[in-house]
Amino acid sequence: MKALKIVGIVLGILLLLTGGGLAAGSVLANKGQAAFQEELTNSGYDGPVEGTVQSVSQSNPIVVTVNYTDSQGKQQTGQGAFAGGQPPQVGDTVSTYYNTSNPSQVVVVNLPGLGDLSAIANALRTAAISCLIVGSVLLLAGILGLALGKKQPAAVPPGPMYPTGPPQQPPAGYPAQPY
């Protein structure tokens, strides 16, 4: 039983360390997303807004036409370069950054699944919180189990409590003592 408590402590420590690493990764992913946003803002682009793909040209570079609603609430149509892995299909919803001085000029970012840095940061943060909670519980339970656990007395070998035999006679196996 003591071994189980020690395993709980070790796993708790490992989960706490893992949770700390995941939290650090979440912070770094958020910083990467912020740097990406800042670079686009410095280039005169605003976003991201959700855009619906209207057409995709299979030229090099790939040019995408999207319909989107800008930050002022106006419906816009823009055309621009595609950044990401797989080109989007017509009708797909994609992250769109638009030029504030010329809203018909856009940059389409299509990073499906966990390719989006903010989605990665959110997933890392959720995993970190889970690891920290479970690790804390395991560590606390292991430490309390060791500290407050029932102490077992040393085992006493069974045997007769009193010597057997006739009264006033020495027990068997003992030499007789002269008086």
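**Helix pairing and nonpolar cores in a predicted model**

Ala127 is partly exposed, its relative accessible area being 28% (buried means under 20% relative accessible area, exposed over 50% and partly exposed in between, with a 1.4 Å probe and protein chains only). The structure is a predicted model, in which local features need pLDDT of at least 70 and side-chain atom pairs count only at pLDDT 80 or more, while totals for chains, interfaces and linings use all residues. Residues are numbered from 1 along each chain as its sequence is written, and side-chain values use heavy atoms, with hydrogens and water left out.

The chain contains two helices and five strands, where helices (H or I, at least four residues) and strands (E, at least two) are DSSP runs numbered from the N terminus. Along the sequence these elements follow the order α-β-β-β-β-β-α. Of the 179 residues, 23% count as buried. Among the contacts with a separation of 6 or more, 65% join residues 24 or more positions apart, contact being defined as heavy atoms within 4.5 Å.

The crossing of helix 1 and helix 2 is left-handed, that is, the near helix is turned anticlockwise from the far one by less than a right angle. By class, the contact of helix 1 with helix 2 has 22 nonpolar, 15 polar and three charged residues. In this classification Ala, Val, Leu, Ile, Met, Phe, Trp, Tyr, Cys and Pro are nonpolar, Asp, Glu, Lys and Arg are charged, and the others, Gly among them, are polar.

Ala127 belongs to helix 2, and its C-alpha lies 6.9 Å from that of Leu22, 105 residues away in sequence. Val137, also in helix 2, counts as exposed at 52% relative accessibility; a C-alpha to C-alpha distance of 7.2 Å separates Val137 from Gly12, at 125 residues in sequence. Leu146, again in helix 2, is partly exposed at 31% relative accessibility. Beyond its neighbours within four places in sequence, Leu146 is in contact with Lys2, Lys5, Ile6, Ile9 and Lys151.

The largest nonpolar core has twelve residues, including Val49, Val53, Val64, Phe82, Tyr98 and Val108. Such a core is a set of buried Ala, Val, Leu, Ile, Met, Phe, Trp, Tyr and Cys residues joined through side-chain atoms within 4.5 Å. Strand 1 (45-57), strand 2 (63-69), strand 4 (93-99) and strand 5 (105-110) each give two or more residues to this core. A second, separate core of five residues includes Leu40, Tyr45, Tyr97 and Val109.
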